[in-house]
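Subject: Structure for you to look at

Hello,

Please find the structure below, with the sequence beside it. My notes on what was found follow.

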Amino acid sequence: DEAFALSQHVLSQPSLSLELKMRTHLQRAFIYEIAINRASCKRELDIAEEIINKNPELKPANYTYFLVRKGSYQRLFGDHKMALRIAEDAEKYASKVNDTKNGAVLNMFLAYASYAEPTKALHYFERGLSLCKSHKNASGIAAMYNNISRFYIDKKNLPLAEKYIDSAIAIAPRQQIFQIIANTYRIKSQIAELNKNYGDALKNYKIATEWTQRETEAQRDTKVREL
């Protein structure tokens, strides 16, 4: 809700540059994707694509991320083959223009687009993790550990799933995004439950709930400051 309200405020600015307008529509597409609103997500992507097509000078810095959002839309709403093709196009374009700033999110998208091929998916997850580590991005590292742990849960490899989620827990004190920390403990709880260790499952679920509550309180504080 806050992200959408902010996007409306940004778009209302008369001096907004075309690049910021295009990027804002891409973020609105992401918001609608999270909300599982297919029609609105597609509309925002179409607006962003029109801006890029009419202003080719924006393409080198932004087209990779546009393809990530477009492919993610396809993956979520059903056309997985199309999503994979778009993911491959995004990878080729990023390499062509030496786009490194979208590397981690691109590799995460490539991993999910390639999920039916475990070796390939894991390769992309590990590349994304390596990029986060190279930038010393603790929150990105933790989020990637969470993704890899979920990957191993889906592949029924609980020991490796636990190894990666424990790595995420180990760096929790170094990162500040409460939602990622809550997700880490939620996955840890899931693994414990699958291992029939119900005491640990409950303990970690409670910790996840506490971090979720802190996230809610932080959002409430943000609203108060804005007011």
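One definition is needed for what comes later: Ala, Val, Leu, Ile, Met, Phe, Trp, Tyr, Cys and Pro count as nonpolar, Asp, Glu, Lys and Arg count as charged, and the others, Gly among them, count as polar. Please also keep in mind that this is a predicted model.

The chain as a whole

The protein chain has eleven helices and zero strands. Its radius of gyration is 19 Å, close to the 17 Å that the globule rule gives for 227 residues, so the chain is as compact as a globular protein of that length. The C-alpha trace spans about 55 × 45 × 35 Å along its principal axes.

Of the 227 residues, 41% count as buried, where buried means under 20% relative accessible area. Among contacts with a separation of 6 or more, 56% are between residues 24 or more positions apart. The accessible surface of the protein chain is about 12,900 Å², and carbon and sulfur atoms hold 53% of that surface.

The largest pocket

Rolling a probe the size of a water molecule over the atoms shows where empty space is left. The largest pocket has a volume of about 1,800 Å³. It is lined by 49 residues, and the closest to its centre are Phe30, Ile34, Arg69, Val105 and Met108. Several helices give two or more residues to this lining, including α1 (2-11), α4 (59-76), α8 (138-154) and α11 (198-226). Which helix gives the most to the lining of the largest pocket? That is α2, with seven residues. Sorted by class, the lining of the largest pocket has 23 nonpolar, 17 polar and nine charged residues.

The second largest pocket

The second largest pocket has a volume of about 160 Å³. Among the residues that line it are Glu91, Ser95, Asp99, Gly103, Leu110 and Arg127. At least two residues of this lining come from each of α5 (80-97), α6 and α7. The largest share, four residues, is supplied by α6.

Regards

Methods
Residues numbered from 1 in each chain as written. Predicted model: local features only at pLDDT ≥ 70, side-chain atom pairs only at ≥ 80, totals over all residues. Heavy atoms only, no water. 1 Å grid on protein atoms, 1.4 Å probe; cavity = no way out; pocket = protein on both sides within 12 Å on 5 of 7 lines; lining within 4 Å. Points joined across faces, edges and corners; volume = space filled by probe spheres on them. Rg over C-alpha atoms; globule rule 2.2 N^0.38 Å. Buried < 20%, exposed > 50% of the residue type's maximum accessible area, 1.4 Å probe, protein only. Contact = heavy atoms within 4.5 Å. Areas by Shrake-Rupley, 256 points an atom, 1.4 Å probe, with all protein chains shown as cover.
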